[in-house]
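Hi,

Here's the model I said I'd pass along. Have a look below, and my notes follow.

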Amino acid sequence: LGAEATVSLHFTRGPAMSDKGVTVPVFVAVTEGGHVLDKKVFDVSVDFPNNIDQTDRTVGPVDMVLPVGPKQSGAAYRIVAGCQLTPAQLKAARAAQ
């Protein structure tokens, strides 16, 4: 079964950010029971104009595949989105929990 996902993102520039722009890797994935079945990773570029510290972006549609069949409907799957972390970022995030 084909599915389309549209992701809405909100970005805030913090006081430590000296640049006016950043590129953030974002993912959209189809999961079933904690297993990733389909995943798309893409870069989202964000530019902050002068005196603007927040902005929104909408990305998509992103085409995903849900492997439905006679024994499993689309309700068995979840579509999730988030920031794609590097291995070092993931390790730091896990250590902070």
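Which residues does Asp38 touch, not counting residues up to four places away in sequence? The list is Val28, Ala29, Val30, Met64 and Val65, where contact means heavy atoms within 4.5 Å.

Before the rest, some housekeeping. This is a predicted model, so local features need pLDDT of at least 70 and side-chain atom pairs count only at pLDDT 80 or more, while totals for chains, interfaces and linings use all residues. Residues are numbered from 1 along each chain as its sequence is written, and side-chain values use heavy atoms, with hydrogens and water left out.

Back to Asp38. You'll find Asp38 in strand 3 (strands are DSSP E runs of at least two residues, helices H or I runs of at least four, numbered from the N terminus). Asp38 counts as buried, at 15% relative accessibility; the cut-offs are under 20% relative accessible area for buried, over 50% for exposed and partly exposed in between, with a 1.4 Å probe and protein chains only. Its side chain makes a polar contact of 3.3 Å with the side chain of Lys40. A polar atom of the Asp38 side chain also lies 3.1 Å from the backbone nitrogen of Val65. (A polar contact is a pair of N or O atoms within 3.5 Å; within protein, one must be able to donate a hydrogen and the other to accept it, and residues adjacent in sequence count only if both atoms are side-chain atoms.)

Now the core. The largest nonpolar core has 18 residues, and Leu9, Phe11, Val26, Val28, Phe42 and Val44 touch the most other members. Strand 1 (2-12), strand 2 (21-32), strand 3 (35-47) and strand 4 (54-65) each supply at least two residues of this core, with the largest share, five residues, coming from strand 1. By nonpolar core I mean a set of buried Ala, Val, Leu, Ile, Met, Phe, Trp, Tyr and Cys residues joined through side-chain atoms within 4.5 Å.

Leaving aside neighbours within four places in sequence, the contacts of Val28 include Ala5, Phe42, Val62 and Ile79. Thr31 lies in strand 2 and is buried too, with a relative accessible area of 15%. Beyond four places in sequence, Thr31 touches Val36, Ala76, Tyr77, Arg78 and Val80.

Last one: Gly74 is in the loop between strand 4 and strand 5 (78-83). Gly74 is partly exposed, at 28% relative accessibility, and touches Leu66 and Val68, again not counting residues up to four places away.

Cheers
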